[in-house]
Amino acid sequence: MTDHKAGKIDDLLREALADDLPPDVAAGMRQRIERFRSEKMTGEAKPSTVAWAWLFRRGVWAALSILMLVAGILLQAGRSSNPLTDRISTVKAAYTGLEAPRR
Amino acid sequence: MIENSRESTKSRTLLRWLFAAAFVFAIIMSGAFAGLMNKAGLLYLVFGSVAAALMGFTGREIATAFKMAGGAAGTEESLRVSAHFWEAAARNAWILGAMGSALNFTIALGTPSEGIAGISNRMIQSFIVTLYGLVLAVVCLVPAMKLSGQAGKVGRPASVASGGLPLDRIVGHVLFAAVLVLTVLFMIGGQPQGGPMPIAKVLLHGPAILVVIGGSIALALFMGAGAGARAWTLGFAMTGLVSLLTGLIQALLGFVHRNIAEIASACAFIISASTFALLGLVAVAGPLEDREVAEGRRDGPGILSRLSWVLFPLLTFIFLLLTFLMVVTPMEKPGPGM
């Protein structure tokens, strides 16, 4: 097909499919397009929101668990006072023949 | 003909169990092993095992497992679940035995007693619960081995949808909590207590709880959802193991520094961390793994889970022995940190 013939077909199509829609039909179409776009946007947002919420919960748990772990290690390293520790100190001191250490 | 053969198998199995029960009863009544008697530990182990079974299996699955151990015939699926039930029962008995020792050890050390000899006696008595757990585990392993041999001949079953948390499993959790509370009350019975909730303060060792729970959740999260319940088994076992080693190193440093407070802190950490790691294994990870197998989501427990179930209670027992030695070993001269 030559360029000349292609140009003629284009002109013919433009004439046949001229933008002559009545205003109410055009408005209806615009509304439908808007509705379709908004639905698509909401549909896309839902899974991402769920995923973010899931990630957020997971992140919270991860942070919380690490905090607990670190707090436990620090407390143990600092030899915080505890009834069981105090009792063992007393028993150990008794075996050694000494007074229990004071904290 | 087939019916007669089945009846004969049932009778022989029943006879074997009755003979074993009579043998155990005769040994207990003879008084030859009176030193090995720990009533609170025995009751805790029996009722704890029942509760642990209910946490992981439904009443119907448990009844079927007992019937199949008695020689009854069943479907391929029930054969596989029954074999796993008996393996889980052996696992629970072994873990509960070690946990009972740790719990008993804590109470022996944490409550006032009649002198050093009394404390030592109670600490040694606490090791008997592990022995009970081992014996019960061996008894449960017999039907487990027999049924798993038969189940190995059948293929992998189709996955069964989870039916949520049935009533018998809720009952199992409640019963398990009740058994723990009653055991502690039974163990401290008659002991003088000072202050508000003193035994709770002794048992709830803050640093050990934080490390075991925090570490287990972190490990389970990092392993991801794909690992399923195995992540929890490894989480509790690995955190427990790290805690045991940390406590041991701290105690040895205490001996080097000749610091009684440091040694006591390390011993308390070892006992409490092992108790909470074992509690997590038997009350959280074990039932979750049981449901995965019973619902056909997995063929059976993984090799690492099985290793954890066998080795961690054994290590706990060894570390409790070491703790006992560290407590009763006198120190020649205290350092300046005392």
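Let's start with a crossing: helix 4 of chain B and helix 12 of chain B cross in a left-handed way. Left-handed means that the near helix is turned anticlockwise from the far one by less than a right angle. Helices here are DSSP runs of H or I, at least four residues, numbered from the N terminus.

Some ground rules. This is a predicted model, and local features need pLDDT of at least 70. Residues are numbered from 1 along each chain as its sequence is written, and chains are lettered from A in the order in which they are written.

Which residues of helix 12 of chain B meet helix 4 of chain B? They are B:Trp309, B:Pro313, B:Thr316, B:Phe317 and B:Leu320. From helix 4 come, among them, B:Arg91, B:Trp94 and B:Phe105. In contact means C-beta atoms, placed from the backbone, within 7 Å. The residues of this contact divide into 9 nonpolar, 3 polar and 1 charged. Nonpolar covers Ala, Val, Leu, Ile, Met, Phe, Trp, Tyr, Cys and Pro; charged covers Asp, Glu, Lys and Arg; the others are polar.

Now the whole chain. Chain B has 12 helices and 0 strands.

Last, the partner. Chain A gives 31 residues to the contact and chain B gives 35.

Terms used:
Predicted model: local features only at pLDDT ≥ 70, side-chain atom pairs only at ≥ 80, totals over all residues. Helix = DSSP H or I, 4+ residues; strand = E, 2+ residues; numbered from the N terminus. Contact = placed C-beta atoms within 7 Å.
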